[in-house]
Amino acid sequence: MSEKHPNSEGAPGGEPLNGNGVPAPRDTSPEVIGVRRGMFGAENGGDTSGYGGLVRTITLPGATSRPYGGWFDEVADELEGALEEQGLVPENAIEKTVVDRGELTFHISREYLVRVARTLRDDPALRFELCTGVSGVHFPGDKGRELHAVYHLRSITHNRLIRLEVSAPDADPHVPSLVAVYPTNDWHERETYDFFGLIFDGHPALTRIMMPDDWQGFPQRKDYPLGGIPVEYKGAQIPAPDQRRSYS
Amino acid sequence: MTTPHATPRATTEGTVYTVTGGDWDEVVQSAARADDERIVVNMGPQHPSTHGVLRLILEIEGETVSEARCGIGYLHTGIEKNLEYRTWTQGTTFVTRMDYLTSFYNETAYCLGVEKLLGIEDQIPDRATILRVLLMELNRMSSHLVCIATGGMELGATTIMIYGFRDRELILDIYELITGLRMNHAYIRPGGLAQDLPPGAVDQIREFVKKMHKNLPEYDKLATGNPIFKARMQDVGYLDLAGCMALGATGPILRSAGLPHDLRKAQPYCGYETYDFDVPTADTCDSYGRFLIRLEEMRQSLRIIEQCLDRLEPGPVMVADKKIAWPAQLALGPDGLGNSLDHIKKIMGTSMEALIHHFKLVTEGFRVPPGQAYAAVESPKGELGVHVVSDGGTRPYRVHFRDPSFTNLQAMAAMCEGGQVADVIVAVASIDPVMGGVDR
Amino acid sequence: MGLEEKLPSGFLLTTVEQAAGWVRKSSVFPATFGLACCAIEMMTTGAGRYDLARFGMEVFRGSPRQADLMIVAGRVSQKMAPVLRQVYDQMPNPKWVISMGVCASSGGMFNNYAIVQGVDHVVPVDIYLPGCPPRPEMLMDAILKLHQKIQTSKLGVNAEEAAREAEEAALKALPTIEMKGLLR
C-alpha cells in the first residue's frame with residue numbers, strides 16, 4: 001500500500017530486538033503471512049494440472065502513511081500526544097498503523113500494550129470505554145510473529161471503533177493481560193489461551209475455559225488437526241475415526 | 001464419614017463429597033462436623049433451570065451466595081475452526097448454529113464481515129438489505145419470546161412459557177415459509193440472500209403483525225403488573241452502568257442501566273438509520289427493567305417490520321457480480337429445494353462456460369482479498385461482533401465471534417454475589433445467555 | 001431388575017411382558033437433557049401447539065433418578081460426555097435413550113475435535129432421530145416408535161433370547177455396500 005512508515009522518519013522506529021524473544025522489527029512493506037503453491041490447494045500428490053509451479057506470496061495490507069482520513073488522524077494524533085506526555089516514544093509503542101477497508105488498526109509492541117490500552121481508555125479525547133474482547137489469529141508463515149492477538153475497542157462517547165493488534169513469537173507466546181484495564185477481557189483471554197496457547201501475563205486465573213481441563217494442545221492453531229483426536233475419560237476410550245470398529 | 005452415597009475425597013481445596021443420592025442428613029452432619037463453614041454447591045451443567053448446559057459453582061452461607069462462578073464450555077462445538085475448512089458461502093451454515101436463537105443475526109454479522117472484506121457493501125441490492133432487516137427483527141422477537149418464556153418457566157410461571165412458545169411458533173411458521181427451515185436457516189449469504197421471498201410471505205407477515213399487536217399486551221396483563229412477578233424480579237440481578245462498562249455488558253443489560261446504546265442507532269448497518277424506532281431504556285439496573293425493555297423492543301420490532309413491508313419492492317436479492325453471486329436461483333422440486341431445473345438445463349445443454357463457472361463457484365468458492373475486518377450488529381442480546389481474516393483464499397483464514405452471551409455471562413458473578421440462591425436463577429435468566437453462543 | 005426377570009419362560013412370562021410393556025410405555029418420564037438447538041425444539045414439543053401431554057410425557061424430570069427416558073437433544077461435546085454418562089448411570093432401569101438430531105446421532109456437520117462423533121460412543125441408543133434440528137412432529141414420531149419398542153420388549157429369559165437373535169441377524173445382514181437398488 002504505502003512505501004514509508006509515517007512514524008519512522010528521523011529516529012528509527014523499533015530497534016531490531018529479536019534474538020531475545022522480542023518481535024522482529026517491522027518495515028513498511030506488506031506483511032507476508034505465507035506462500036501459496038499451485039492452484040487448487042492440494043499439497044500432496046502429483047501435479048496433473050500444470051499449475052503446480054505457481055508460487056504466490058500472501059500478504060496482508062501494510063502500513064499506511066498519513067493522512068489516514070476522517071477521524072483516524074485525530075485519534076492517532078491524540079494517542080501519540082498522550083503517549084509522549086507519559087514520557088514514551090510513540091514510535092516504539094506503535095509499530096505501524098494500517099488503514100484498510102475503512103478500519104484503523106494500530107500494531108502495538110507488546111511491552112507497551114497495557115499502557116496504550118489504559119491511555120486509550122482514560123484520555124478524554126480518546127475514551128475507548130468498551131473492549132469487545134480478544135481474537136487470536138495464528139500465522140505459522142509469519143516467522144517470529146506467529147501468534148497475533150487482536151482487540152477491538154469501541155468508544156461510546158465518540159462513537160468510534162479501532163483495532164489493536166499485538167503479536168508474539170511461537171517460541172515465547174507471552175502477551176500482557178488487559179484484564180486490569182478492561183475486566184471484560186477475563187474470559188476472552190482465557191478463551192484465546194485455550195485455543196491458541198497465548199499466555200496472557202498478569203491474568204488472574206489463566207485456565208482453560210472451553211476445552212476440558214486436561215486437554216492437550218491448542219485446538220484452533222493452524223497445525224492442530226480439525227478432527228480425529230482420540231479421547232479418553234473415566235478409563236473409557238473413544239479412538240480416532242480410522243481406528244474405530246466398522247459396521248457393515 | 002463413609003457412606004456409599006457420599007464418598008469423601010481429599011483434594012487441595014479440602015474434602016470434597018460427591019453426593020449421588022441417599023441420606024442427606026448424613027452429608028449435612030458430616031459437613032457440619034468439618035471445621036470449614038464453606039459449602040460449595042455445584043449446579044449444572046445438567047440442571048433444569050440453568051439455561052442449557054451452564055454450570056454454576058456457588059459458595060453459599062445458608063441461603064446467601066457468597067461467591068459465584070460459571071463453568072462453561074460444555075457445548076463447545078469448534079465452529080470457528082470448522083469454518084476454516086469450508087468455503088466462505090458454506091460458512092453461513094455453521095454460524096447460524098452458534099447462537100441458535102438468533103440465527104439471522106449470526107448470518108448477517110458474518111455476511112457483513114465478508115462483504116466488507118470483498119468491498120461490495122454498496123452493491124448489495126436494496127431488497128436483500130430490507131429482507132435482512134425484516135428477518136432480523138422477526139428474529140429479535142422470537143429470541144425475546146424464548147427469553148421471556150424460559151425465564152418465566154424457571155421462575156415457575158409455566159403460563160408465560162406456554163404463551164411465549166405459542167407466539168414464537170407463529171414466527172417460526174414465517175421462517176419456514178421463507179427459508180424452508182424452522183431454525184438454522186443459512187438463508188442470508190455473502191452478497192445477498194439464498195433466494196427471494198416465496199409467494200404469500202408478505203401477507204403472512206402482515207397477518208402476524210396484526211396478531212402480535214393483539215398478543216403482546218397479554219404479556220403485560222400476565223406479568224408486568226403481577227405483584228408476585230414484580231417481587232421476584234425487582235432489584236434482582238443488579239448491575240449498574242459502571243459495572244456494565246467494565247464487564248463489557250451490552251444489549252438489554254446495558255440499556256437497563258440507563259444508557260441508550262444500540263448499534264442500530266450508533267453505528268447503523270443495513271440502512272437502520274432510515275427506519276423509525278425508539279431504543280427503550282430503564283434506570284432500575286435489575287431483571288425487571290430488562291424484562292420491560294425486552295417487551296418494549298418487541299413492540300419496536302413490530303414497527304420496523306411494518307416499515308420493511310411497506311418498502312419492499314421487486315428486485316434482485318443477490319449482488320450482480322457473477323464472480324460472487326451463487327450461480328443458480330433455487331427452485332422447489334418434488335424432492336425439496338434445489339437448483340432450478342431451468343438452470344441445469346441451460347448449463348448442461350447450452351453453455352460449457354456456464355457449467356464450468358457454476359462448478360468452480362460451487363465447489364471451490366470465490367476468493368476474498370487478504371485482510372481483516374470487523375462487523376458488528378445489535379443482536380437481541382447485545383453487540384454481536386465478527387472478526388474475519390482472509391488470506392486471499394476461498395476459505396476463511398480465521399473467523400472469531402464476539403458473542404454477547406459469552407461476554408454478558410461474565411456479569412453473573414457481579415449480579416449474584418451477596419444475593420439469595422433462588423435469585424441466581426432470575427439473574428441468569430435476565431442475562432439470557434444461550435450456551436450455543438457462549439461456547440460456540 | 002425385579003421379580004419379573006426371574007419368571008420362567010412360557011405363558012406367564014409373555015402375559016407379564018405385555019402388561020409391563022403397556023404400563024411402561026404409557027408413562028415414560030423424560031429427563032431434561034437439552035444441549036443445543038434440538039433442546040429448543042424439544043421444549044416446543046412440550047409447549048402448546050404440539051403438546052406432548054397427549055402421550056402422557058409432558059412432565060420433564062429434573063432429576064435423572066425419576067426419569068426413564070433420556071432425549072439427548074443436541075451436540076455432545078467432549079467436555080459434556082462424562083456428564084452425560086453420569087446422568088445416564090443415575091437413571092434407574094429400565095431406561096431408554098433417544099438420540100435427537102444428527103449431531104447427537106453421528107456428530108453431524110461438526111466433524112471436529114470438540115464434538116463426540118455420535119452419542120452411541122457414550123451410551124446405548126434406542127432410537128436415532130435425524131434432522132437438524134428435527135421438527136417436533138419428528139420427535140413425536142420417534143417417541144411413538146419408542147413406545148412401540150417398549151410395548152414389545154421382552155423380559156427375563158425371553159430378553160436374553162431376543163438379544164441373541166438380534167445379534168445373529170445383525171451378523172448375517174447384508175452389508176449396506178452390497179445392497180442394490182433404491183435404499184428405502
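1. Cys38(C) is placed in helix H2 of chain C, where helices (H or I, at least four residues) and strands (E, at least two) are DSSP runs numbered from the N terminus. The structure is a predicted model, in which local features need pLDDT of at least 70 and side-chain atom pairs count only at pLDDT 80 or more, while totals for chains, interfaces and linings use all residues. Residues are numbered from 1 along each chain as its sequence is written, chains are lettered from A and ligands numbered from 1 in the order in which they are written, and side-chain values use heavy atoms, with hydrogens and water left out.

2. Cys38(C) counts as buried because its relative accessibility is 7%; buried means under 20% relative accessible area, exposed over 50%, and partly exposed in between (1.4 Å probe, protein chains only). Leaving aside residues up to four places away in sequence, Cys38(C) touches Ala73(C), Gly74(C), Met100(C), Gly101(C), Pro133(C) and Pro134(C), a contact being heavy atoms within 4.5 Å.

3. Cys37(C) also belongs to helix H2 (residues 37-46) of chain C, and at 7% relative accessibility Cys37(C) counts as buried. With residues up to four places away in sequence again excluded, the contacts of Cys37(C) are Tyr100(B), Met183(B), Asn184(B) and Arg75(C).

4. An unreviewed UniProt entry places the feature "binding site" at Cys37(C), Cys38(C), Cys103(C) and Cys132(C). These residues span 96 residues in sequence, yet no two of their C-alpha atoms are more than 10.1 Å apart, so they gather at one spot. UniProt positions follow the numbering used here, feature names are shortened, and annotations may be inferred rather than shown by experiment.

5. UniProt also lists, in an unreviewed entry, residues 37-146 of chain C as "domain: NADH:ubiquinone oxidoreductase-like 20kDa subunit". In the model, the end C-alpha atoms of residues 37-146 of chain C lie 22 Å apart, and the span is 34% helix and 12% strand.

6. The largest nonpolar core has 201 residues, and Phe106(A), Tyr151(A), Ile72(B), Phe208(B), Leu409(B) and Met70(C) touch the most other members. Helix H5 (residues 126-155) of chain B gives the most to this core, with 12 residues. A second, separate core of 21 residues includes Ala39(C), Leu139(C), Ala142(C) and Ile143(C). A nonpolar core is a set of buried Ala, Val, Leu, Ile, Met, Phe, Trp, Tyr and Cys residues joined through side-chain atoms within 4.5 Å.

7. Phe208(B) touches Leu138(B), Met141(B), Asp167(B), Leu170(B), Ile171(B), Ile174(B) and Leu302(B), residues up to four places away in sequence not being counted.

8. Over all chains, the structure holds 49 salt bridges, each defined as a side-chain nitrogen of Lys or Arg within 4 Å of a carboxyl oxygen of Asp or Glu. One of them pairs the side chains of Glu383(B) and Arg154(A) (2.9 Å, N to O). The pair joins two chains, because Glu383(B) lies in strand E11 (residues 382-390) of chain B and Arg154(A) in strand E6 (residues 147-155) of chain A. Both Glu383(B) and Arg154(A) are buried.

9. A salt bridge also forms between the side chains of Glu191(A) and Arg440(B) (2.5 Å, N to O). This pair crosses between chains, from Glu191(A) in helix H4 (residues 185-196) of chain A to Arg440(B) in the segment after helix H18 (435-439) of chain B. Glu191(A) counts as buried at 2% relative accessibility, and Arg440(B) counts as buried at 2%.

10. Within chain B, the side chains of Glu137(B) and Arg140(B) meet in a salt bridge (3.2 Å, N to O). Both residues lie in helix H5 of chain B, three residues apart, about one turn of the helix. Glu137(B) counts as buried at 0% relative accessibility, as does Arg140(B) at 0%. Salt bridges link Glu137(B), Arg140(B), Arg255(B), Asp262(B), Arg264(B), Glu297(B) and Glu378(B) in a network.

11. Helix H17 (residues 421-431) of chain B is largely enclosed by the rest of the structure, because eight of its 11 residues are buried. The buried residues of H17(B) include Val424(B), Ile425(B) and Val426(B). Just after H17(B), Asp432(B) takes a positive phi of about 55°.

12. Chain A comprises four helices and 11 strands, and 51% of its 248 residues count as buried. Among contacts in chain A between residues at least 6 apart in sequence, 56% join residues at least 24 apart.
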